[in-house]
Each structure stands twice: as C-alpha cells, then as structure tokens.
Amino acid sequence: MNSRKFSSMFQAIMAALMFGASAPIAKLLLGDIQPIPLASFLYLGSGLGLFLLVIFQRFQKNYTKVEAGIKKEDVIWLIGAVFSGGVIAPIILMFSLQNTPASTASLLLNFEGVSTTLIALLIFKEAIGNRIWLAVSLITIASILLSWNFDGGWGFSIGALGVLMACVMWGLDNNFTRNISAKDPRIIVMVKGISAGSCSLFLALILHNHLPGFKIIIGSMLLGFFSYGLSIVLFILAMRNLGAARTSAFLGTAPFVGALISFVMFREVPNTLFCISLPIMIIGTILLLSEKHHHEHVHAHLEHEHRHSHNDGHHTHGHEGETISEHSHLHSHDAIKHSHSHTPDIHHRHEH
C-alpha cells in the first residue's frame, strides 16, 4: 500500500473517530439544549472554528499557501453541498422524525452510506468493484444491527420515506463535496458550517425553541468544531484519494466509536447485537484496507489546481527557483497511458 493511500485511510478512520465521539457527548448536552438548537451550534462551531483557524494560520510568520482556493467553477458544487446536506437534509429529517418511530429512524439513517455509493456509481461513474460493495454492505448491516431497538416501535410511513430522502440528500452532499475535494477543505467546511448552522438557528427561532445558557452554547460549538469541523476536513482530505464511496464506508464505522465511548461514559454493557455486529464491521473495514485496484488506464490532458508534491509520479512539471515539498498552483498533466495500483483519486476518476 502506498503512503498516500495509507494516509488517506488513516484520515478517514480519524474522521470516523471524531464524528463517532459526537453522539455520546451530545447525549450529555441534550439534557440542557433542544435538538434543533444543538444541531445549529454544532454546525456553527464547525464553521466559525475553521474560520478562526484559517485566520490564525494566515497570520503565522512562515505561512505558505499549500491549498487551492475556491474558484468560480467550484461554487456550484459548494452551493449544492450546502443546500443538500446542510439545509435540506436536516430540515427534512427534523420534520420526518415527528411521524417516525425512533427505532425506524435509527435504522434508516444507515442508508446514507448506501446512497453515497449508489450516487457515486450511477451519476458520477466512480469505480466501485465487488469488494467495495461487499465492504459497504457489511458495514451497513453491522450499523443496522447496532441501531436495532426491539423495545421501540416500528412503522413505515411518510415520515420514514422522509428519513430516506434526507439520507439521499446527504449522499448528494458527499458526492458534490467529492468534486471539490481538491480545494481547501477548511474553506469548504467553514462555508458549509456557517450556512447550515445559521439555517438551523433560524428554524429553531421560528419554532420558538428555548436557547440554552452561554456555557452550553460554547460547549456545543467546541464539540462541533472537532466532531463536525475537523472531522469533515479529514473526510474531505480522504476523499481526494479514496473517492466518495470508500471514504463514506469508513465513516460508517462511526456508530461503533460512539457505542464504545458510551460503554465508558455511561457504564453501559455491550449487548448481544453489538457483539454480533462488531466482527461484521471489522471484516468490512479489512476489505476496505486491503483493496488493490490495478489495470492499464489512460489519463487525458488535464489542467487543474490542487495541493501536490513532486514525488508521486503524476506531477513532473518544473519550477523556476526553489520549490517546496507541498504547494498549490495551476498546472497541467500531459496525456499518458500506463498501469499501476490506484484508487478513484482526483487523477483517476476514469470510467471502467
């Protein structure tokens, strides 16, 4: 496994760890804050936190730009991601939950990974082989088993269809974001977080939700910065080299992280379904980690801008004067035909 692929897998796993930790910690906060305001401050914490981080980094003495900025052609994808995943999906979900049993909603929310994979395959023509389908299926089945609640009510209704639609919107969000994953992920998350958080806050005010005290707001925003901000930054970085389907499959392991933390925080005892689902999830993750995709393929002439170095075999252009290890600028790739192991990264999104 090359170092770039290993690094991306590590980023995806770290994203899952951070995101998974949000559920049990948010459970503690829900005693003092209602769901919609909590969602608002989580998103605002991610966006404003990244904004402050960007400002801090740019004022550093030795600051050097290494990430590509958002260009005019990227705006449509960013708008699509913001509205589908940050605005439409949460609103559909909130209204759907009013008419959907909690156990049904928990199970159906696992459809996000499947919808991401289907959209990546059918619309964006991402390469997804049998091994990846098996991995996604195993991780999804494991998540469904983990979230199954025999004591809760079950029912399929218009509300349940709404939960599925919310998952489709998040699947679109993941794929839209994948199309701009080569650009600065801090800016992407900053825009998405502030936009989504503002919409949720507006919704909370319309519904006359009670806003909590200052300490709870700050705590929620700090949680959002790590679990929704830095986590999604790592998710986007991983998508650069792994594609939407594989990265989303890794993120599908997040519920297990939340469950493990809950065992420690709330002294819960692992139930039978957890013990059954855990090995299924591990097998699915191993399939992702051990994937090898190797065939002869063609690179058409390409001109784009993204963070890169000159030791990966795809960036052989020259520079005047001294070059740094990683940097960003507009550059071109000549057409080439060759064979090597690869994933659906920003240079290998060819059809199969």
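**Close-up views of a predicted model**

**View 1. R186 and D184, a buried pair.** Both R186 and D184 are buried, meaning under 20% relative accessible area, where exposed is over 50% and partly exposed lies in between (1.4 Å probe, protein chains only). R186 and D184 form a salt bridge, with closest N and O atoms 2.6 Å apart; the term stands for a side-chain nitrogen of Lys or Arg within 4 Å of a carboxyl oxygen of Asp or Glu. This is a predicted model, in which local features need pLDDT of at least 70 and side-chain atom pairs count only at pLDDT 80 or more, while totals for chains, interfaces and linings use all residues. Residues are numbered from 1 along each chain as its sequence is written, and side-chain values use heavy atoms, leaving out hydrogens and water.

**View 2. R246 and E126, joined across the chain.** Here the salt bridge has its closest N and O atoms 3.8 Å apart. It links distant parts of the chain, with R246 in helix α9 and E126 in the loop between α5 and α6, 120 residues apart; helices are DSSP runs (H or I, at least four residues), numbered from the N terminus. R246 and E126 are both buried. Salt bridges with shared partners join E126, R178 and R246 into one network.

**View 3. K183 meets D74.** Their side chains form a salt bridge at 2.5 Å, N to O. K183 sits in the loop between α7 and α8, and D74 in the loop between α2 and α3, 109 residues apart. Both K183 and D74 are buried.

View 4. H210 is exposed, with a relative accessible area of 59%.

How values were computed
Helix = DSSP H or I, 4+ residues; strand = E, 2+ residues; numbered from the N terminus.
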